[in-house]
Amino acid sequence: MGASAQSFPDGKVITIVVPFAAGGPTDRVARDLAEAMRKPLDGVSIVIDNAAGAGSTIGNAKVARAKADGYTLLLTHVGMATTPVLYRKLPYNYETDFEYLGLINDVPMTVIGKPQLEANNFKELREWIGKNPGKVNLGNAGIGSASHLCGLLFQSELKAEMTTVPYKGTAPAIADLLGGQIDLLCDQTTNTTSQIEAKKVKPYAVTTLKRLTTPALKDIPTLDESGMKNFQVTIWHGLYAPKGTPPAVLKKLNDAVKVALKDPDFIKKEEGLGAVVVTDKRVEPAEHKKFVQAEVARFGPVIKAAGVYAD
């Protein structure tokens, strides 16, 4: 085991499993990260395996069962913290079946409304929601999606009663928002920035604690400054290995992640996705795991209160 760790990577191909379909935001993050990690890993080939299905649990389980040698990794998003609550039975344990290799990025969310909505700012929106209990239609991209989770937290914090409308993906949800069939949507900047920039929707707030610097989003207030104190939801991505991967291999992989996160090309690509590269202590494995545990604790009560499960 020691000799194997010292020679890692020894020319074998490293596979990063992405538990979502090719072409989506998580897939793009994985491919950009793979390219940025190649150099610090001695130019090793890194390929992407899209093992999509069952809300990311198929790909997650595949890595949990993989050989613990560093050649099979997992790149996934906030689902690592939500599937333990959304699914009452899982073929893996998020705490004991993985080694944590560092957080990669944060993707902010935006609260947007249909163009016909009478509210022109968040204060007016909050008043309008209060006057229409049960009549406000809040769309999402499906149970367990980022927009679903953001919407649940949004309703919980507002203590507002809304009608949740799930779709099979973000595209149809935005299409119906543009058409006025639903009133509101909370979704990733990767999906909403172009609509905001084109003034096709009404932007009300971003879900980060600080305002964003993206030109199209820089004037949109945060929910925190709008009165929903400490409201923060981001769709973060992290890298994982199977439990039992040798410590020396884990260190080489974590070191490569740290180099990749400082790569100017990688940073530029992430900014193009509307993502913010992680520069804080969550790049450390122990802090990464602690953060995920805290996210499970945060999302758990909200999901359970809604009583909506993926299985």
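1. Let's start with Met 228, which you'll find in the loop between strand 9 and strand 10. One thing to keep in mind as you read: this is a predicted model. Met 228 is buried, with a relative accessible area of 3%. What does Met 228 touch once its neighbours within four places in sequence are left aside? Its contacts are Phe 122, Arg 126, Phe 154, Glu 157, Leu 158 and Leu 223. Take Glu 157 from that list: 71 residues separate Glu 157 from Met 228 in sequence, yet their C-alpha atoms are 7.1 Å apart in space.

2. Thr 208 belongs to that loop too, the one between strand 9 and strand 10. Is Thr 208 buried or exposed? Its relative accessibility is 10%, so Thr 208 counts as buried. A polar atom of the Thr 208 side chain sits 2.7 Å from the backbone oxygen of Lys 210. Not counting residues up to four places away in sequence, Thr 208 also touches Pro 108, Thr 222, Phe 231, Gln 232 and Thr 234.

3. Now for helix 5, residues 122–131. Its buried residues are Phe 122, Leu 125, Trp 128 and Ile 129. What do they pack against? The partners are strand 5 (109–113), helix 6, strand 8 (184–188) and strand 9 (202–206). On the face turned away from the buried side, helix 5 carries the exposed residues Lys 123, Gly 130 and Lys 131. Have a look at the N-terminal end as well: Asn 121 caps helix 5 there, with a side-chain oxygen 3.2 Å from the backbone nitrogen of Lys 123.

4. Strands in the order 7-6-8-5-9 make an open sheet of 5 strands with mixed pairing. Strand 7 (163–166) and strand 9 are at the edges with a single partner strand each, so one side of each has no neighbour in the sheet. From one strand to the next, the twist averages 30°. Within this sheet, strand 5 and strand 8 run antiparallel and are joined by 5 bridges.

5. How many disulfides does the structure hold? There is 1 disulfide. Cys 150 and Cys 186 form it, with their sulfur atoms 1.9 Å apart. The link of Cys 150 and Cys 186 is right-handed, with 60° about the S-S bond. Cys 150 lies in helix 6 and Cys 186 in strand 8, so the pair ties together parts that are 36 residues apart in sequence. Both Cys 150 and Cys 186 are buried.

6. A quick stop at Ser 145, which has its place in the loop between strand 6 (137–140) and helix 6 (146–158). With 15% relative accessibility, Ser 145 counts as buried, because the cut-off for buried is under 20%. A polar atom of the Ser 145 side chain lies 2.6 Å from the backbone oxygen of Gly 142.

Methods: Residues are numbered from 1 along each chain as its sequence is written. This is a predicted model: local features need pLDDT of at least 70, side-chain atom pairs count only at pLDDT 80 or more; totals for chains, interfaces and linings use all residues. Side-chain values use heavy atoms; hydrogens and water are left out. Helices (H or I, at least four residues) and strands (E, at least two) are DSSP runs, numbered from the N terminus. Buried means under 20% relative accessible area, exposed over 50%, partly exposed in between (1.4 Å probe, protein chains only). A polar contact is a pair of N or O atoms within 3.5 Å; within protein, one must be able to donate a hydrogen and the other to accept it, and residues adjacent in sequence count only if both atoms are side-chain atoms. Contact means heavy atoms within 4.5 Å. Two strands pair if DSSP finds at least two bridges between them. Axes are lines fitted to C-alpha atoms, for helices over the stretch in contact, and angles run from 0 to 180 degrees between N-to-C directions. A disulfide is a pair of cysteine sulfur atoms within 2.5 Å.
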